[in-house]
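Thanks for coming, everyone. I'll walk you through one structure today. Please have a look at it before I start.

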Amino acid sequence: MEPVLFYGVPHGCSFGSIVALEWLGQPYRLCRIDMLASRDERYKRINPKRQTPTLLLEDGETLSESLAILHHIAARDLGQRLGFLQATRAFDRLNSALSFLHTELHGAFAPAWTAFKLPEHATKEKDMLRKLARERAAETYAHLEHMLSNPAWLAGDHRTVADAYLIGVARWGEDLNLFDLKREYPLLHKHLQKLQADKAVAFAHAIEDGQPATSSDAFLGHVTLDELQPRLAA
Ligand SMILES: N[C@@H](CCC(=O)N[C@@H](CS)C(=O)NCC(=O)O)C(=O)O
């Protein structure tokens, strides 16, 4: 069976892996994990931290961590130019961009996601956590603005898995009502608008929203944790 990506809603960083799979164009399936509602023990067997994304490979092995998954997707067909051959400068630049996005940008929003999950009455704690997230993310957005001042894409002269990952994480500043990207970071906003116009990005939004989604034909449908049991037990 083709690989299965476990993606998280609402608004998981797994969004980037969906976009990358669409860009790759090889057959895959998706399994939806509700990160707020589900404490499904069966998913814990797939990802002991219960985090998304995870990629279930053809041989039953699971691969966790976005960066590993994105590099894996890119390496499935270097001809698609979503990534680069390891031990080249281009690979190093891509790896550097991805690491920055994960440790700095993704990391900056952790306090805001904690605030999001707190009960309504915890106003003081929420405000403090949101302020911290805004401070950390502002520095990262400023650096991204600098990174995007020269090349048309994040890691070179064409789109890569770094752009796929960026679109899934950079949106959080506005999703969490912390930033007005158009006013504060115009180059980043422009880059995100360019990505929003991409068919694979529209597809990933539709998937997250549970709407009919138009794929590149690589998407073979959703599969449930129940349906995956025989494959996982093997
Ligand atoms: N280091 C992991 C982090 C993944 C992560 O933080 N996933 C979030 C969604 S963006 C998640 O699953 N959150 C639910 C939870 O931690 O309970 C990766 O890069 O894949």
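**A walk through the model**

R50 has 16 C-beta neighbours inside 10 Å, so it counts as partly exposed. Keep in mind that this is a predicted model. Where does R50 sit? R50 is in the loop between helix 2 and strand 3. Its backbone stands out too. R50 is not a glycine, yet its phi is positive, at about 55 degrees.

A cis peptide bond joins T52 to P53. Omega there is about 5 degrees.

Now, the ligand. Which residues are around the ligand? They are G8, G12, C13, M35, R50, Q51, T52, P53, E65, S66 and H102. By class, the shell has 3 nonpolar, 6 polar and 2 charged residues.

There is another cis peptide bond to point out. V9 and P10 are joined by a cis bond, with omega at about 0 degrees. P10 is in the loop between strand 1, residues 4-9, and helix 1.

Next, the overall layout. How is the protein chain divided? Domain 1 takes 4-81 + 199-233, and domain 2 takes 89-196. Their C-alpha centres are 21 Å apart. Across the boundary, 14 residues of domain 1 are in contact with 15 residues of domain 2. Look at the domain 1 side. Helix 1, residues 15-24, and helix 3, residues 66-75, each supply at least two residues of the side that touches domain 2. What is the make-up of that side of domain 1? By class, 10 residues are nonpolar, 3 are polar and 1 is charged.

The largest nonpolar core has 62 residues. V19, A20 and A162 have the most contacts inside it. Helix 7 gives the largest share, 8 residues. Why does this core lie between the domains? Because domain 1 and domain 2 both give residues to it.

Set aside the neighbours within four places in sequence. A20 is then in contact with L70, I73, L82, V161 and A164.

Now to helix 10, residues 186-196. Which of its residues are buried? L188, H189, H191, L192 and L195 are buried. Seen down the helix axis, the buried residues of helix 10 fall within an arc of 165 degrees, so they line one face. An α-helix has 3.6 residues a turn, so residues three or four places apart point the same way. Back to our helix. The face of helix 10 turned away from the buried side carries the exposed residues P186 and Q193. And what do the buried residues of helix 10 pack against? Their partners are helix 6 (123-147), helix 7 (161-170), helix 9 (181-184) and helix 11 (199-209).

Let me turn to G156. G156 is in the loop between helix 6 and helix 7. With 17 C-beta neighbours inside 10 Å, G156 counts as partly exposed. What does G156 touch? Leaving aside neighbours within four places in sequence, G156 is in contact with A90, R93 and P151. Take R93 from that list. G156 and R93 are 63 residues apart in sequence. In space, their C-alpha atoms are 8.1 Å apart.

Here is another pair of that kind. S96 and A155 are 59 residues apart in sequence, and 8.8 Å apart from C-alpha to C-alpha. S96 belongs to helix 4, residues 89-108. Is S96 buried or exposed? S96 has 12 C-beta neighbours inside 10 Å, so it counts as exposed.

One last stop, at A87. Where is A87? A87 is in the loop between helix 3 and helix 4. A87 is not a glycine, but its phi is positive, at about 75 degrees. With 7 C-beta neighbours inside 10 Å, A87 counts as exposed.

That's the tour. Over to you for questions.

Note on methods:
Residues numbered from 1 in each chain as written. Predicted model: local features only at pLDDT ≥ 70, side-chain atom pairs only at ≥ 80, totals over all residues. Near = placed C-beta within 6 Å. Nonpolar A, V, L, I, M, F, W, Y, C, P; charged D, E, K, R; others polar. Domains from an automatic or database assignment. Contact = placed C-beta atoms within 7 Å. Helix = DSSP H or I, 4+ residues; strand = E, 2+ residues; numbered from the N terminus. Buried ≥ 20, exposed ≤ 12 C-beta atoms within 10 Å, placed from the backbone. Arc of directions from axis to C-beta. Core = buried A, V, L, I, M, F, W, Y, C linked by C-beta atoms within 7 Å.
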